[in-house]
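The sequence and structure are shown first.

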Amino acid sequence: MSAVELKKMKSSKTLYELLHNSVEQFPSRVAFHMLDGEEVTYREVGERVQQVQELLIGAGLKPGDKVALLSSSMPNWGVCYLAVTSAGMVIVPILPDFTGEELDMILKHAEVKALLTSDKLFTKLSKETVDAMNIVIRTKSLKPLVQRVKEQGEIATPSPEDLAAIIYTSGTTSTPKGVMLSHKAICAQVDIDFELFPINEEDVFLSVLPLSHTYECSIGLLYAYACGSKVVYLDRPPTAAVLMPALKKVRPTLLLIVPLVIEKIFRSQVQAKFNANPILRNLYKVGFVRRYLHRVAGKKLNKVFGDRIRFLGIGGAKLDITTERFLKEGRVNYAIGYGLTETAPLLAGAIPSKVRIGSTGPAAPQVELRIINKDPNTGLGELVAKSPSVMMGYYKNPEATAEVFTEDGWFRTGDLAEFDKDNFVYIRGRLKNMIVGPSGENIYPEDIETVLNSHVFVADSVVTEKEGHLVALVHFNTEALEAKFEEWKAGWDSKKGEWKAEWDIKCKAFDEKKQELMKEIMEYVNSKVNRFSRISEVVEEKEDFVRTPTKKIRRFLYTKQGKNTQVVAEHK
């Protein structure tokens, strides 16, 4: 089928149309596949959708009723999503990493009447929450787990303007809010994706992100389903031990990941090997040598991915510049996307052939972007957008809804950005995170963190303000630090027994060396940032930063002006 025919076929206005178009066009092709497990064809998706709808109707559900989907990734996740939305009901997909208390709060706030859930996640809910449900259905077997209401409901064919989904964000700075997306908005996102990077029925996705994350749901599920592609799921978390053999077996053509995944691969598999060898470490600093080494490592990485990746989509957070330089110089077919849950999500994107280091690419097809309230000194301002996939608003929160739209109807992203001469977007940080310096300077902590994270011994960082000074909270790159420790230890052992006497003496020496290292990191950063962005202190965060379900650092836990340690301890 040609790209033109595919585009015409899959251009749906509702998820009802999207479901049935694909069932009719690709009945015998595999839609969803659990690795080493069941395969579900497009025809079988349609049959299972009907099965779920009959259960919901039998529990008295009607169009407009809310149905929560709390499940790990599996073929029936997509079945359940499409069953609810194509029946005119509203899906509430929930990220699995929310706490039990957060889940209870969300289900109550959304006025959920039915729940589709996997067994393990079901145990996180309180008895009170379960008792409020008309029915609870197991996603694995599509059979009732609990049914408290038996009466006849009904379904209806939705219209484009109808509410299709309420998605609760895993905000880094606030209580979760319910983003309302219409059928029209979600389907528009599929059109946007196709115009940006066409796919077809020969493509194979490997799904490793939570399906309740809008990024994975819109692109890795609905877009794939609309175009007849196959999506493969893992039956366990995508650790390196699970992911590596899966990539070899599936050999995906498309893979969506968050920056944290590829940054870890780069630091542990590429950067660590170069730094372990003193000769390579020095050669790595020479531009043309680094590019050659990256090309060799990139070729190996492509092989690890199955050697047929044509789209490695990276989104959900900012990608570390050092890692991105490796991907570009290593000739990996990576693509950068930018968006928000509120825009379903894509607003800007650069396909593999057009990426620019540090940029999220130009505005996506059908999307308009502009910058308001520019800082006269930096040229940075808030990025605002007009898109056919923008949300209807926040559920039961008109005040918050009003705050994120300009008077002329543009959506306020809350991100500080600038354009280059070709209108490529460069995101510099969150407006809420901006720190005002002692002389009124606007300081953007994410810019400083980018420099911090480029240091070989830094895994991640948060820059905050304490008593008028900038403080860098740093979580060390454990593997790099362990390798450095071996160097230090060799130096200690070579001395005349003075370091061999007691282990605690060595530990004290280690701490002293670490203090020197933190001073080195501070000097490194301050040599690369402007005067008013210089940090006064580096503080070690021994534990990894607390993150949202989508792997962003929960910044508000670390920016309480010196209270971060207590707040984090309470959160944990």
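The model is predicted, and a search of the whole structure finds ten aromatic pairs.

- F26 and Y42 form a tilted aromatic pair, with a centre-to-centre distance of 5.5 Å and an angle of 55° between the planes.
- Because F26 lies in the loop between α2 (15-25) and β1 (30-34) while Y42 belongs to helix α3 (residues 42-58), the pair ties together parts that are 16 residues apart in sequence.
- F26 is buried, with a relative accessible area of 3%, and Y42 likewise counts as buried, at 0% relative accessibility.

**The pair F32 and Y233**
- The ring centres of F32 and Y233 are 6.2 Å apart and the planes stand at 50°, so this pair is also tilted.
- F32 is part of strand β1 and Y233 part of strand β11 (residues 230-233), so the contact ties together parts that are 201 residues apart in sequence.
- Both residues, F32 and Y233, are buried.

**Charges over rings**
- The charged end of R356 sits over the ring of F424, at 3.9 Å from the ring centre.
- The charged end of R370 sits over the ring of W410, at 4.4 Å from the ring centre.

Key:
Residues are numbered from 1 along each chain as its sequence is written. This is a predicted model: local features need pLDDT of at least 70, side-chain atom pairs count only at pLDDT 80 or more; totals for chains, interfaces and linings use all residues. Side-chain values use heavy atoms; hydrogens and water are left out. Rings of Phe, Tyr and Trp (its six-membered ring) pair if their centres lie within 6.5 Å; planes under 30 degrees apart count as stacked, over 60 as edge-to-face and the rest as tilted. Helices (H or I, at least four residues) and strands (E, at least two) are DSSP runs, numbered from the N terminus. Buried means under 20% relative accessible area, exposed over 50%, partly exposed in between (1.4 Å probe, protein chains only). A charge sits over a ring if NZ of Lys or CZ of Arg is within 6 Å of the ring centre and within 35 degrees of the ring normal.
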